[in-house]
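Here are my notes on the model you asked about, point by point. Have the picture open beside you while you read.

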Amino acid sequence: MYGFEAMTFNIHGGYLEAIVRGHRAGLLTTADYNNLCQCESLDDIKMHLSATEYGPYLQNEPSPLHTTTIVEKCTLKLVDDYKHMLCQATEPLSTFLEYITYGHMIDNVVLIVTGTLHERDVQELLEKCHPLGMFDSIATLAVAQNMRELYRLVLVDTPLAPYFSECITSEDLDDMNIEIMRNTLYKAYLEDFYKFCQKLGGTTAEIMSDLLAFEADRRAVNITINSIGTELTRDDRRKLYSNFGLLYPYGHEELAVCEDIDQVRAVMEKYPPYQSIFAKLSYGESQMLDKAFYEEEVKRLCLAFEQQFHYAVFFAYMRLREQEIRNLMWISECVAQNQKSRVHDSVVFIF
Amino acid sequence: MEERHLIPESGVAADQEPSQEAVEVVNRREVRLRPGAEEKLVLQFMDSLNSYLSFSHSLSSTLGQAWMELASARHSMGTARLNTSLLDLKFHPASTTLKIAECDDDSVDAKARFVLRKWISSEEVGEDEDSNSTKSPEPADDDDEVCYSQVRRERAKSLSVFGILIPPKLRAAQQSFERALETLVEMANMQSSFLYSFHQLHQEVEDTKE
């Protein structure tokens with residue numbers, strides 16, 4: 001239903017929309033990135049970030065700094081922003097905000113299960129989990145031997161429970177099963193999020209459909225490229241693609257049979273929104289594909305702020321912050337490894 | 001003009017006095033042999049040192065590239081999918097071994113030779129234990145195609161700790177580190193070679209002084 005959000009949205013969502021637009025104004029600008037790219041050491045980066053919203057999170061970190069420390073502390077800023085918004089949100093915004101974190105929850109589940117399979121200590125694994133994806137019984141994942149136990153002992157009481165119906169088996173967990181589980185869960189999550197946004201309707205449904213469809217298409221391309229030369233069969237590959245998006249269903253049929261990057265390019269160039277992405281790459285090359293996708297995603301996320309009275313701004317803000325943290329990670333790695341000439345290979349400017 | 005100086009032969013008693021003519025013949029022979037052997041050793045030393053320095057430079061750039069590719073893979077996959085806590089602590093055989101070839105010569109200055117054997121499966125460890133050959137990842141024969149597919153499987157198995165669907169950047173990082181390891185072994189062999197040559201030259205100089 002269009003047109004009436006302006007009358008009622010601000011009753012429950014006005015404060016938080018204002019908050020998230022304020023947070024958006026705090027994202028790093030091109031001038032900030034130019035200063036960061038000229039840093040000689042991680043301490044210089046810390047000094048430049050002290051003048052930004054990350055300042056309070058990094059100021060007490062002792063030298064010598066490590067790149068993972070910078071990423072962890074910047075992630076804490078994102079988590080604090082998110083928790084503040086979540087505790088102020090009412091339905092359906094609170095459910096919408098929770099949906100945003102399910103991807104991290106899936107990553108954490110897979111991290112714990114994989115680490116346990118490799119006989120790693122659970123505490124060590126918990127420290128590596130993303131804070132946005134934590135839930136109460138996450139440590140109990142370590143006792144499960146197969147997916148049925150995983151579901152029965154732990155995940156049945158989590159928001160991921162509905163996504164497990166397609167991957168419950170009694171087979172013991174191994175690297176291949178875990179990978180298929182990760183991608184099956186993520187596929188189910190995206191489809192569920194998409195349906196939820198469609199139910200919300202209005203501008204939220206319009207903008208989120210576009211953003212989630214792009215996410216589904218990007219996943220399909222990445223799954224295709226990453227599965228080239230592996231034991232994953234064509235049928236298994238096809239089963240991991242989401243059932244929505246611009247590429248669904250004909251693009252997926254063509255991607256499922258691709259054997260190299262050039263065939264993937266030939267498929268994607270038939271779709272005008274992705275033609276420009278693949279036009280930036282030379283033949284046979286896939287190194288810059290990630291950056292091209294990130295740039296397109298950032299463009300779409302920034303456009304979400306051009307309209308008011310919808311929930312997509314919250315999703316857009318979270319994703320833009322995550323992109324910013326990725327940028328900071330890359331800049332830190334280039335500075336730490338004394339490879340500043342490579343810094344613009346992966347930095348995506350937001351403004 | 002040939003130098004005439006008394007060089008004691010091993011086994012010749014000090015109080016014996018060989019004829020002057022015999023000494024001169026011995027001297028001329030030793031003077032003819034020593035420059036050729038010395039030059040050869042000097043050339044070997046210089047060649048080995050030059051190769052060592054080239055490999056050292058190559059190693060530095062290969063390692064730099066490998067670390068950047070690893071950082072790029074981490075940027076792409078995320079820190080949750082690529083971190084040290086996913087490495088496998090279960091007992092498993094090494095995929096790559098380094099063998100120090102045994103020399104028959106027991107002397108201290110014997111040249112050591114390092115042989116890298118990459119991507120050997122656990123079944124092959126027992127069979128090929130006595131073999132000195134380094135398996136190349138890019139064989140040409142039909143029989144070696146089996147070896148090549150096995151190498152690809154071993155590479156994939158080694159990376160499977162981070163998942164099955166991994167980006168090409170991580171595979172590229174693996175290959176760069178693999179090249180760095182090969183370069184390190186070549187450097188060790190070159191170092192062994194020039195140290196051996198240096199020691200031989202040093203011996204020659206010491207012998208000359210005596």
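1. Of the 210 residues in chain B, 33% are buried, where buried means under 20% relative accessible area, exposed means over 50%, and partly exposed is in between (1.4 Å probe, protein chains only). Keep in mind that this is a predicted model, in which local features need pLDDT of at least 70 and side-chain atom pairs count only at pLDDT 80 or more, while totals for chains, interfaces and linings use all residues. As for bookkeeping, residues are numbered from 1 along each chain as its sequence is written, chains are lettered from A and ligands numbered from 1 in the order in which they are written, and side-chain values use heavy atoms, with hydrogens and water left out.

2. How many helices and strands does chain B have? There are 4 helices and 2 strands, counted as DSSP runs (helices are H or I with at least four residues, strands are E with at least two) and numbered from the N terminus. Now take the contacts in chain B with a separation of 6 or more: 64% of them join residues 24 or more positions apart. A contact here means heavy atoms within 4.5 Å.

3. B:Glu69 sits in helix H1 of chain B and counts as buried because its relative accessibility is 15%. In sequence, B:Glu69 and B:Ala173 are 104 residues apart, yet their C-alpha atoms are 5.0 Å apart in space. The side chain of B:Glu69 also reaches the backbone nitrogen of B:Ala173, at 3.4 Å. Leaving out residues up to four places away in sequence, B:Glu69 touches B:Lys169, B:Ala172, B:Ala173 and B:Ser176.

4. On to where the two chains meet. Chain B brings 31 residues to the contact and chain A brings 39. Together they bury about 3100 Å², with carbon and sulfur atoms giving 58% of that area. Buried area is the accessible area (1.4 Å probe) that two parts lose on being put together, summed over both. On the chain B side, B:Met68, B:His75 and B:Leu165 supply 26% of the area that chain B buries against chain A, more than any other three residues.

5. What holds polar partners across this boundary? Between chain B and chain A there are 11 residue pairs in polar contact, both at pLDDT 80 or more. A polar contact is a pair of N or O atoms within 3.5 Å; within protein, one must be able to donate a hydrogen and the other to accept it, and residues adjacent in sequence count only if both atoms are side-chain atoms. The elements of chain B that give two or more residues to this side are helix H1 (20-77) and helix H4 (168-209). H1(B) gives the most, with 8 residues.

6. There are also 2 salt bridges between chain B and chain A, a salt bridge being a side-chain nitrogen of Lys or Arg within 4 Å of a carboxyl oxygen of Asp or Glu. B:Lys169 pairs with A:Asp290, their closest N and O atoms being 3.1 Å apart. B:Arg81 meets A:Glu179 at 3.8 Å, N to O. This pair crosses from the loop between H1 and strand E1 (97-101) of chain B to helix H10 of chain A. B:Arg81 is buried, with a relative accessible area of 14%, and A:Glu179 counts as buried at 3%.

7. Look at A:Glu191 next, in helix H10 (residues 175-200) of chain A. A:Glu191 is buried yet has no salt bridge, and the nearest side chain of opposite charge, A:Lys187, is 4.4 Å away. (Lys and Arg count as positive, Asp and Glu as negative; His and the chain ends are not counted.) The side chain of A:Glu191 does reach the backbone nitrogen of A:Asn243, at 2.8 Å.

8. Last, salt bridges inside chain A. A:Glu296 and A:Lys299 form one at 3.5 Å, N to O, and both lie in helix H16 (residues 289-304), 3 residues apart, about one turn of the helix. A:Glu296 counts as buried at 12% relative accessibility, whereas A:Lys299 counts as exposed at 53%. A network of salt bridges links A:Glu53, A:Lys77, A:Asp81, A:Arg321 and A:Glu324.
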